Amino acid sequence: MGEYDVAVIGYGPTGMTLAALLGQHGHRVVVLERYTGLYNLPRAACFDDEIMRTFQKLGLAGEIGRGAVVQRDYEWINAAGETLVELTYADPAPCGWAQLYMMFQPHVEDVLDRHDKALPSVAVHQGASVTALVQDADGVTLRGTREGGGDFSVRARFVVGADGGNGFTRGVVAEAADDYGFQENWLVCDFRMRRAVPGLPMFRQVCDPAQPTSIVRIGPDHHRFSFMLNPGETREEATRSERVWARVARYVAPDDAELIRAVNYVFRSRIADRWRRGRVFLAGDAAHEMPPFLAQGMCSGIRDSHNLAWKLDLVLTGRADAALLDTYQQEREPHVRFITERAIELGRVQTMRDPARARERDERLLAQRRAKREPEKLRFPPLSGALIANNGGLFPQGAVSDGVRSGLVDDIVGTGWCIVAVGPRLIEALTADQRAAWEALGGRLAIIGAPGGLEDRGGIYAEWFAANGCAVAVVRPDWYVYGTASDEEGLAALLQRVARALEGSDVLIPS
Ligand SMILES: Cc1cc2nc3c(=O)[nH]c(=O)nc-3n(C[C@H](O)[C@H](O)[C@H](O)COP(=O)(O)OP(=O)(O)OC[C@H]3O[C@@H](n4cnc5c(N)ncnc54)[C@H](O)[C@@H]3O)c2cc1C
């Protein structure tokens, strides 16, 4: 099959996004997927604003958005039907898109698949199972078998295993997986809606100790009902269609909807101890699995791809030392652990089977509602490590106008490294050398506010710079803030530090 810059094993959402991001930079990418076609059935139900911003970067937000629905609220009710928790989601959220989109995963995968296959430097081979991997000083050789017979061999400078929770690459890269011991047995039933059903919950958790249930629309035309299985219930019995219809009878009937699948999932939580071995990386479910209570498994895999893609781009183009790639796990693992731990906690609260403890939970949550106490908003932690100087938060995307065009900032300014300053002063003060070094990195410059800058139409940047007490931000290609400063010296120090980090000298000794 030839020689490539990057070989991606697995063509789920993580692998598809990684191939698209690397292909955007013209890198030669081969994707190897064991199945001959797309999986064509949903797993993930929703994604967030950061993921939509990633699709925007690929030029796919419009197409993906057409097969997704913005969700504005989420409720938990108890067995008696009382509302325990009511959450509302922002629109727009900090990344410039709605905080939550309910999607039909085959639609999203279809869009990504068409996009990947149209990229001139990306080759997608479906029906190609990887079975062996050998790496040397210059690259990696992958071998495998083709569906229908025959072997193949591929050579690449780097390999990313995006081959899911039961794939091949984790065994090559990791020594062990940290298992949180959380294991739950659920029945997931997906329906294509034949008609609108009045009163059908769009996003609801039923915290009934006799039958914890989750109801969620998955895109414009589909709905999912998930039931925690009872001890002793077998997969065969639970997935029988009569049994499924009996379970959903209080919500939908065969005239309303067509059952497209009923499947038994064991939700697990495992994080691989190593995500890199030499030239081989793990991403997505291959690196980490979490229960779906925060709807962040796929989102985390797409964040992995984004984090890896721009770093691989810098290394492949000789603009950064390969040591930079060590920052991938340093940054992504704590983020994923945080989300996994919160998802487990949330799952434990939502799915209490002991009636007495469930009653206590209900009383506590009802008291909170009576006191009009807002449910705590979950905020993901900032990144840290050698590629973060002093911030690590996610830089927002606001609506701006440059006097000619108006739109979201990434569309107006473009993506990649960016120095964003309040007013022209700090950008005008950059020396010719600083500008040249920044341009060599593909870096951009953006001035917020007059004169000559972008109009901050929603006031999001005024708010952000005030909250962060700074006048300039150095933003990475994945929108995480490398660092902030208030004056010329501070900005100069940040730029020098970026250069050192990319050379590798800062990477081994994180500050
Ligand atoms: C019921 C349920 C609900 C969920 N809800 C959400 C949600 O709302 N939001 C969210 O963000 N996440 C959700 N998730 C999690 C999400 O579905 C997964 O995290 C995501 O699909 C993982 O994507 P991936 O690309 O990393 O792996 P996968 O989708 O598993 O893809 C891996 C691919 O690798 C291929 N492969 C494996 N071995 C080989 C090999 N040796 N050679 C070649 N190819 C190979 C496989 O065939 C597969 O196509 C949910 C999961 C479940 C089960």
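Which side chain does the side chain of N391 join in a polar contact, and at what distance?

Tutor: The model is a predicted one, and that should be kept in mind throughout. The side chain of N391 is joined to the side chain of N468 by a polar contact of 3.2 Å. N391 itself sits in the loop between helix 10 (355–370) and strand 20 (399–401), and its side chain also reaches a backbone atom, the nitrogen of G393, at 2.8 Å. Setting aside residues up to four places away in sequence, N391 touches P382, L383, W464, N468, V481, Y482, G483 and T484, so the partner in the side-chain contact, N468, belongs to this list as well. Another residue of the loop between helix 10 and strand 20 is K372, which has a positive phi of about 55 degrees although it is not a glycine. With a relative accessibility of 73%, K372 counts as exposed, because that value lies over the 50% cut-off.

The protein chain is divided into domain 1 (2–59 + 105–177 + 269–348) and domain 2 (399–503), and the C-alpha centres of domain 1 and domain 2 are 30 Å apart. On the side of domain 1, R53, Q56 and W310 supply 40% of the area buried against domain 2, more than any other three residues.

Side chains of opposite charge can pair when their charged atoms come close. Across the interface of domain 1 and domain 2 there are 2 salt bridges. In a salt bridge between E331 and R476, the closest N and O atoms are 2.6 Å apart.

Salt bridges also occur elsewhere, and a search of the whole structure finds 34 of them. E289 and R268 meet through their side chains in one of these, at 3.5 Å from N to O; this pair links distant parts of the chain, with E289 in strand 19 (residues 288–289) and R268 in strand 16 (residues 257–272), 21 residues apart. E289 is buried, with a relative accessible area of 9%, whereas R268 counts as partly exposed at 26%. Both residues belong to a network of salt bridges that links R170, R268, R270 and E289. R240 forms a salt bridge with E242, where the closest N and O atoms are 2.5 Å apart, and R240 is partly exposed at 37% relative accessibility. A further salt bridge brings together the side chains of R405 and D402, at 3.7 Å from N to O; R405 is partly exposed at 40%, and D402 is likewise partly exposed at 32%.

R224 lies in strand 15 (residues 222–228) and counts as buried, with a relative accessibility of 8%. A polar atom of the side chain of R224 lies 2.5 Å from the backbone oxygen of R43, and, leaving aside neighbours within four places in sequence, the residues in contact with R224 include P42, R43, A44, D190 and R261. R224 and R192 are 32 residues apart in sequence, while their C-alpha atoms are 9.0 Å apart in space.

Two points of backbone geometry complete the picture. N40, in the loop between strand 2 (29–33) and strand 3 (46–48), has a positive phi of about 65 degrees although it is not a glycine, and N40 counts as partly exposed at 49% relative accessibility. The peptide bond from D91 to P92 is cis, with omega near 5 degrees, and P92 lies in the loop between strand 6 (83–88) and strand 7 (100–103).

Technical notes:
Residues are numbered from 1 along each chain as its sequence is written. This is a predicted model: local features need pLDDT of at least 70, side-chain atom pairs count only at pLDDT 80 or more; totals for chains, interfaces and linings use all residues. Side-chain values use heavy atoms; hydrogens and water are left out. Domain bounds come from an automatic or database domain assignment. Buried area is the accessible area (1.4 Å probe) that two parts lose on being put together, summed over both. A salt bridge is a side-chain nitrogen of Lys or Arg within 4 Å of a carboxyl oxygen of Asp or Glu. Buried means under 20% relative accessible area, exposed over 50%, partly exposed in between (1.4 Å probe, protein chains only). Helices (H or I, at least four residues) and strands (E, at least two) are DSSP runs, numbered from the N terminus. Contact means heavy atoms within 4.5 Å. A polar contact is a pair of N or O atoms within 3.5 Å; within protein, one must be able to donate a hydrogen and the other to accept it, and residues adjacent in sequence count only if both atoms are side-chain atoms.
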